[in-house]
Amino acid sequence: MFRNINSRYFVYAAFFFSGISGLIYQTIWVRMLTRYLGSTVYATSTVLCVFMTGLAIGSLVCGRRIDRYRRLLLFYIVLEVLIAITAFLASTAMISGVGRLYIQIYPGLQGQTHLLLFARVAYAMICLLPPTVLMGASLPVVVAYLTRTDIRFQKGLGRLYTVNTLGAVVGVLSAGFVLIGQFGETISLIVAASFNILAAIIVIPLLKINRSGESGAVTPITVDSKMPAPHSTLIRRVSTVAIFISGFTALAIEILWIRLLILYLETSIYSFSFMLGTMLLGIAVGSGLSSRFRASFTNSVAIFALLEMLIGFWIIIGIIIFPWFDLGDRTNADWILRCGACVAVVMPIALFFGWQFPIAVRCCASDSSKPGSLTGGAYFANTAGTIIGSITAGFILLPTFGLARSLVFIAVINMVTGCVLMAIAPRAEQGRIVYAGRVVLTLALGLIWIVKDPYLTVIERRLARDFGETATLFSYHEGVDAVTIAAGKPGASVEKTLLINGIGVAVFVNETKLLTHLPLLLADDPENLLIICFGMGTTLRSASGYADLNIDVVDIIPEVFECFTHFHSDADRIRAMPNVNFHVGDGRNFLLVNKKSYDVITIDPSPPLYSAGTVNLYTREFLELCKSRLSENGVMCTWIPPDKFSEIAMIIKTFTNVFPGASLWGGIEYPGLFLTGGQRSFGRSSEEIRALATKISNIPEMGEWTKTYTNPAFVKDLYLLGPEDLKSMVRTVPELSDDRPYTEFPLWRANFTDFGKRDFSAREIRDYLRGRRR
């Protein structure tokens with residue numbers, strides 16, 4: 001007995017470390033693959049679905065065979081070592097190698113949606129299936145081993161699911177909060193692979209302890225005494241369908257709640273990590289509790305039914321209470337309350353899902369001699385449900401029915417599933433549980449009638465604070481990629497804003513016009529212009545005034561093009577111009593797969609700088625890609641919103657490394673920064689700056705909203721620093737790269753370094769330069 005207890009703890013520790021590595025891999029693979037596929041929801045969903053498909057295949061295939069083998073620990077050790085090797089190879093060689101092939105064949109697939117989807121799936125499968133199939137195989141192996149070491153099947157499964165999910169919590173939080181931001185993706189991959197090797201090393205001593213019991217070959221093992229007695233055929237079949245539905249609703253809920261919680265936690269990688277970590281922690285706690293209550297074993301079908309009802313009930317509760325957490329300010333108390341919203345609406349649901357999984361697997365039990373096969377089959381059904389659920393929620397429910405109706409729909413599915421399970425539960429199991437189910441069901445059905453759209457409620461409240469009681473939603477689009485809103489004061493010409501997922505990304509400022517005029521005036525006879533990030537369309541509107549200029553506009557969110565008419569009265573005329581072409585997609589991916597040369601490339605990334613994905617438009621690899629698409633005398637111009645010195649300095653360092661002749665310009669009304677660069681130097685003499693200021697001030701539309709930029713004396717202050725001064729200012733800071741995306745992870749610099757706390761904008765630079773001149 002002593003040796004068995006020790007062996008369990010060794011195995012639990014190993015499976016905990018395996019959980020850590022799995023979530024680190026997933027986080028990094030999504031980042032790596034979407035650089036080639038594009039950072040769209042379609043591309044991200046493709047990666048996640050392939051990841052889960054690998055887990056499902058591995059659990060099913062291995063589960064069907066593993067019960068015949070004796071040397072399970074040796075099998076598990078080999079699995080962990082192979083996971084480390086294949087995962088690292090997939091990350092370092094396969095993704096980049098196959099990605100380049102994908103880019104080569106992409107032009108031939110444009111316009112062929114089905115072939116393009118097939119190519120994306122094939123690319124992700126080639127890279128991810130080997131390691132993920134091995135990951136999926138590990139759960140049936142370990143469950144089969146523990147069932148042979150005098151521990152009951154359901155209890156062993158519950159504990160394993162708990163420790164593995166706790167490892168996943170550590171993995172997602174460490175990747176999101178520490179590893180990638182501090183050490184980069186390559187080091188993070190090495191850390192993840194090290195956890196797999198550590199998991200293998202931990203169980204190696206058990207080979208000697210269990211050698212006497214595991215010697216031999218492939219003969220059947222009987223573990224009937226530790227397996228539960230099978231339920232009726234009807235219960236087993238319905239439970240298998242229910243565990244599929246459970247996976248379906250779990251991923252659908254995750255996608256829907258993340259879309260909603262972005263309103264409070266915004267779009268930083270820390271927010272996503274916190275939300276996912278909260279959900280995983282709830283699952284781990286629920287799974288742990290499941291093995292501690294006797295009813296989970298004796299009343300499995302009835303408890304399964306009640307948990308399904310509770311999930312549906314708490315979805316309704318979450319929708320109702322969500323707006324209560326919006327205080328409307330930016331204090332620490334407000335931030336804590338917003339995090340509390342995540343815990344309040346997500347944690348109980350996740351806890352119910354975690355509690356349910358070991359019970360659901362037990363309800364599916366048919367063959368008492370095959371714990372590995374039972375686990376693999378149930379895990380396959382659950383994971384298949386998660387794949388369908390993620391696709392359905394993101395691509396069908398959200399754009400078709402909207403967020404609130406989709407959540408209610410998922411809640412109803414859970415409650416109906418619970419009702420069916422309760423109806424077929426053995427009468428001996430029902431007892432008081434059936435009355436509890438009726439109370440939960442009655443409350444949920446009563447509350448459904450008072451449900452309002454929580455997203456719209458919070459947005460309308462915020463707009464009233466910002467624009468007054470007359471604030472109006474001009475358009476409201478719940479799309480696949482984001483919720484896109486055009487809003488402002490009715491009748492006002494400039495008091496309007498564009499909101500993406502609740503974040504204000506654009507307002508009317510003259511600096512947006514300069515993103516067009518500045519580089520076009522610096523270029524020599526430009527003919528082709530590329531605008532990445534459409535926003536409110538102001539940059540395009542300014543560019544449309546240049547004769548004989550071919551314009552390509554790219555934005556990842558198609559709904560922003562539909563909002564164009566709400567911001568500019570001449571939008572329809574501009575959209576109809578034959579020289580203007582609109583493209584829906586990721587800007588980086590657009591440049592990768594299109595070889596067209598441009599005289600000007602202008603980019604206005606969505607603020608803030610730490611928003612997930614924004615760093616991809618500032619890294620060395622992206623800037624080098626832009627440079628390769630510039631004509632001989634082409635100009636690139638990118639916008640940097642005001643932020644901390646630590647973040648802006650790294651962007652400037654990266655830009656000057658790629659464009660040695662770069663120059664820095666600063667907004668006068670809105671103190672953001674413009675970086676310009678190209679194949680030649682953009683340092684300017686005083687005479688050149690005055691001439692450029694005169695040209696800008698003579699552009700009629702620069703006086704449309706304010707008169708600041710109609711005065712050449714003011715406009716000449718646009719120019720801040722030339723190439724040599726720029727290089728000197730950022731000499732000691734690191735550059736940004738795909739491997740080291742620092743600006744997406746500012747937490748530690750913002751809290752523990754002086755330059756991470758110091759504000760930096762055009763205003764601060766001008767004050768510094770004036771002081772130096774004195």
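Me: Why are α8 and α11 called roughly parallel to each other?

Reply: Set the angle against the rule: angles under 35 degrees count as roughly parallel, over 145 as roughly antiparallel, 65 to 115 as roughly perpendicular and the rest as oblique. The axes of helix α8 (residues 233-265) and helix α11 (residues 300-321) cross at roughly 20° and come within 12 Å. So α8 and α11 count as roughly parallel. Axes here are lines fitted to C-alpha atoms, for helices over the stretch in contact, with angles running from 0 to 180 degrees between N-to-C directions.

Me: Which residues of α8 and α11 make the contact?

Reply: Contact means heavy atoms within 4.5 Å. From α8 come Ile235, Ser239, Ala242, Ile243, Ser246, Ile253 and Trp257, and from α11 come Val301, Phe304, Glu308, Ile311, Ile315, Gly318 and Ile319. By class, these are 10 nonpolar, 3 polar and 1 charged. (Ala, Val, Leu, Ile, Met, Phe, Trp, Tyr, Cys and Pro count as nonpolar, Asp, Glu, Lys and Arg as charged, and the others, Gly among them, as polar.)

Me: Before we go on, what kind of model is this?

Reply: It's a predicted one: local features need pLDDT of at least 70, side-chain atom pairs count only at pLDDT 80 or more, and totals for chains, interfaces and linings use all residues. Residues are numbered from 1 along each chain as its sequence is written, and side-chain values use heavy atoms, with hydrogens and water left out.

Me: What makes α14 roughly antiparallel to α15?

Reply: The axes of α14 and helix α15 (residues 427-448) cross at roughly 155° and come within 11 Å. That angle is over the 145 cut-off, so α14 is roughly antiparallel to α15. The α14 side of the contact is Val408, Val412, Met415, Cys419, Met422 and Ala423, and the α15 side is Gln430, Ile433, Val434, Leu441, Ala444 and Ile448. Sorted by class, that contact has 11 nonpolar, 1 polar and no charged residues.

Me: Why is Ile410 called buried?

Reply: Buried means under 20% relative accessible area, exposed over 50%, partly exposed in between (1.4 Å probe, protein chains only). Ile410 has a relative accessible area of 0%, so Ile410 is buried. You'll find Ile410 in helix α14 (residues 403-424). Leaving aside neighbours within four places in sequence, Ile410 touches Phe248, Thr249, Ala252, Ile253, Leu256, Ile315 and Leu397. Ile410 and Gly312 are 98 residues apart in sequence, yet 7.3 Å apart in space, C-alpha to C-alpha.

Me: How do you know that Ser390 counts as buried?

Reply: Check the number again: Ser390 has 9% relative accessibility, so Ser390 counts as buried. Ser390 lies in helix α13 (residues 371-401). With neighbours within four places in sequence set aside, Ser390 is in contact with Cys49, Met52, Leu251 and Ile255.

Me: What makes a set of residues a nonpolar core?

Reply: The residues have to be buried Ala, Val, Leu, Ile, Met, Phe, Trp, Tyr and Cys, joined through side-chain atoms within 4.5 Å. The largest such core here has 199 residues, and Trp257 and Met636 have the most contacts inside it. Its largest share, 17 residues, comes from α8. Another core, of 48 residues, lies apart from it, with Ala543, Trp639, Phe674 and Ala693 among its members.

Me: How many helices and strands does the protein have?

Reply: There are 29 helices and 14 strands. Helices (H or I, at least four residues) and strands (E, at least two) are DSSP runs, numbered from the N terminus. As for burial, buried residues make up 60% of the 774 residues.
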